[in-house]
Amino acid sequence: MRSNRASNSGNRSNALWGRGSRGESRSNALWGRGGRRAGSAVASFAVVCALAASATAAGVGGNGNGNNFGNLKSFVSPELLSSIQQNPKQAFDVIVQGDRKQTAHGFIQKILQDKSGASDENVGAGAVKQEFLSLDGAQLTLTGKQILRLAKNGTATSIMPNDTVKLSGVNLPTSNSQLWPWATGAPVDWLGAAPKTPTIAIVDSGIDATRSDVAGRVLGQVNLTSLPGNKAVGDGYGHGTAVAGIAAGSAPGYAGVAPKANLLSVDIMNDQGQATVADVVAGADWILKNKTTYNIKVANFSLHSVNRASVRFDPIDQAVEKLWLNGVTVVAAAGNYAVNGVNSGVQFAPGNDPFVITVGAADIGSTLGAGDDINAPFSAWGYTPDGFMKPEIGAPGRYMITPVPANAVMYSQHADHVTSPGYMQLSGTSFAAPVVAGAAAALLAQHPDWGPDQVKGALMLTATPQVKVKLGQLGVGDVNIALARSSKVKTPPNPNAAINKFVVAAADGTRVFDSAAWSDAAWSDAAWADAAWSDAAWSSAAWSSAAWSSAAWSDAAWASAAWGTAAWSDAAWSDAAWSDAAWADGAEGETPVPVDETVADTSVQDAVLAALGIVDANCDPSVSVCTAPDAAPALPALLP
């Protein structure tokens with residue numbers, strides 16, 4: 001497990017995030033003042049990103065200019081530098097060239113005889129694979145640290161990867177050396193044979209469609225922001241692009257979960273990450289009207305309102321329910337307002353809605369196994385105001401490296417989070433949710449006839465139980481993308497079976513949740529919980545956690561917390577509650593984590609590929625039996 005992890009403290013305040021505890025003064029240069037603004041003409045709920053920006057890695061170099069490499073005297077390809085940034089200890093197959101005035105052999109001997117560096121920076125004879133006659137250079141296997149030393153002292157004129165920077169035994173069309181994709185089984189979606197996924201709508205601050213991470217796959221950008229200070233096109237804040245990169249990025253070395261997925265940018269936030277409830281509802285409306293045109297089957301909401309509410313009354317809850325009940329799988333962040341992992345409840349829309357998939361953030365430590373996985377200390381969990389247990393599932397959400405536009409507000413304000421040009425290390429349930437959104441899209445590609453309930457059931461059914469978390473912190477466990485895709489279950493159990501009994505037809509022919517009827521049934525029938533969440537609906541054989549059925553809904557939590565007069569007094573619905581001020585619910589106090597602690601080395605990657613049955617980039621082991629292609633004949637050596 002990573003050492004030196006700092007958890008949230010009671011005094012959640014620093015220069016970046018301001019005051020964090022609810023009830024405190026939430027005021028800083030970024031977020032302004034909490035509470036009702038004097039002179040506000042329109043009263044509305046505020047929505048905040050479920051964002052927790054972690055400190056950047058103290059990786060190689062670090063001159064503050066964003067590349068962290070210092071002054072390099074030799075040319076090193078950008079792709080190679082990017083891979084070195086992620087893991088300077090990794091070995092790379094490279095071609096190193098010297099000054100043309102010397103022979104290749106003399107050049108290499110000069111490198112081998114130089115022992116002035118640290119022990120892990122000096123190059124040994126075993127690193128030389130072959131010397132060339134046609135150029136003054138050689139093929140070597142060098143670590144990132146060795147490459148950087150050669151580049152800084154100017155011994156070489158150029159250092160280039162040998163064809164491609166090969167990250168594994170299988171040359172995947174796209175890849176990512178961070179640990180989180182390998183821990184979740186995401187490589188099954190990186191294959192050339194992986195099915196084309198439906199469109200994922202990112203309801204956020206916009207997407208920078210010019211980036212290589214998403215270029216050519218952003219089908220449209222709709223701007224619905226009513227608050228001032230919003231970039232008309234693209235992503236002025238940066239949060240939406242970061243979310244999109246995790247869900248569906250495809251840049252070399254930064255693959256997301258579903259790199260083939262198309263995206264639809266629904267911009268409802270201004271360039272400070274603020275939105276009103278009406279903007280979020282307008283975003284849901286737009287998706288509902290255009291879902292067929294753009295084949296939108298998944299919508300990601302990495303945000304939440306700032307006022308505690310029941311699903312009976314909250315506009316965002318009702319909007320996402322309408323999406324869910326009409327064929328769009330909604331994935332929502334749980335929120336980042338827990339302190340030291342203590343039960344916080346999941347109090348805010350849309351994460352509090354019983355239909356949607358609510359995602360908690362896991363800290364997956366530094367190994368693939370679940371033995372060092374914990375619930376991220378900021379990740380919200382517990383009962384909603386209506387008594388439903390949330391989240392249903394967890395996903396990696398701490399120390400995630402993801403794309404952010406270099407001209408975005410978030411990028412410039414938090415430059416210490418930049419790990420390489422255009423990429424930042426971020427934490428929060430905001431970045432756990434798109435892992436599951438990408439997984440949902442991949443499932444729908446494989447099962448186009450499934451609806452949201454089946455997707456939710458399949459993901460919960462195949463989740464990996466976490467042995468070091470309390471029941472409920474990460475739902476039934478961490479998402480397991482590969483297992484969900486390879487599962488032979490054609491009809492997954494329905495986790496929404498109990499509340500589906502209260503789904504009715506609306507006047508416009510769509511389906512809606514009759515929350516009043518559900519409330520009446522739950523209130524009048526003391527046995528509703530036992531009947532609704534019995535083994536018939538939540539079979540102990542079906543779910544990763546046998547205890548989940550008994551924890552899924554609490555009449556005690558609902559009766560005393562949701563409907564007590566103290567909780568739902570007139571003050572709760574006064575004008576003060578309908579504030580248009582936003583605040584960042586971030587995980588402050590995170591200790592910087594070196595980039596190499598977030599990386600899976602090549603041996604781990606090869607082991608995962610073998611375990612997943614990935615032996616050919618053009619064969620999907622989730623649906624076929626794959627065999628390795630015939631090996632290419634070895635090239636003759638250029639020197640004896």
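**Reading the model by question**

Author: At 37% relative accessibility, Asn295 counts as partly exposed. Please keep in mind throughout that this is a predicted model.

Reader: Where is Asn295 found, and what is its phi?

Author: Asn295 is found in the loop between α6 and β15, the strand of residues 296–301. Asn295 is a residue other than glycine, and yet its phi is positive, with a value near 55°.

Reader: How are helix α6 and helix α7 oriented where they pack?

Author: Helix α6 covers residues 277–294 and helix α7 covers residues 315–324, and the two pack with their axes 9 Å apart, at an angle of about 10°. Angles under 35 degrees count as roughly parallel. That angle therefore makes α6, relative to α7, roughly parallel.

Reader: How many charged residues are in the contact of α6 with α7?

Author: On the α6 side the contact includes Val277, Ala284 and Leu288, while Pro315, Ile316 and Lys322 are among the residues that α7 brings to it. By class, the contact has 10 nonpolar residues and no polar ones, and the number of charged residues is 1.

Reader: Which strands are the edge strands of the open sheet of 5 strands?

Author: The pairing in this sheet is mixed, and the order of its strands is β6-β10-β7-β9-β8. An edge strand here pairs on one side only, and this holds for the strand at 75–76 and the strand at 128–131, which are β6 and β8.

Technical notes:
Residues numbered from 1 in each chain as written. Predicted model: local features only at pLDDT ≥ 70, side-chain atom pairs only at ≥ 80, totals over all residues. Heavy atoms only, no water. Axes fitted to C-alpha atoms, helices over the stretch in contact; angles between N-to-C directions. Helix = DSSP H or I, 4+ residues; strand = E, 2+ residues; numbered from the N terminus. Parallel < 35°, antiparallel > 145°, perpendicular 65-115°, else oblique. Contact = heavy atoms within 4.5 Å. Nonpolar A, V, L, I, M, F, W, Y, C, P; charged D, E, K, R; others polar. Pairing = 2+ DSSP bridges. Buried < 20%, exposed > 50% of the residue type's maximum accessible area, 1.4 Å probe, protein only.
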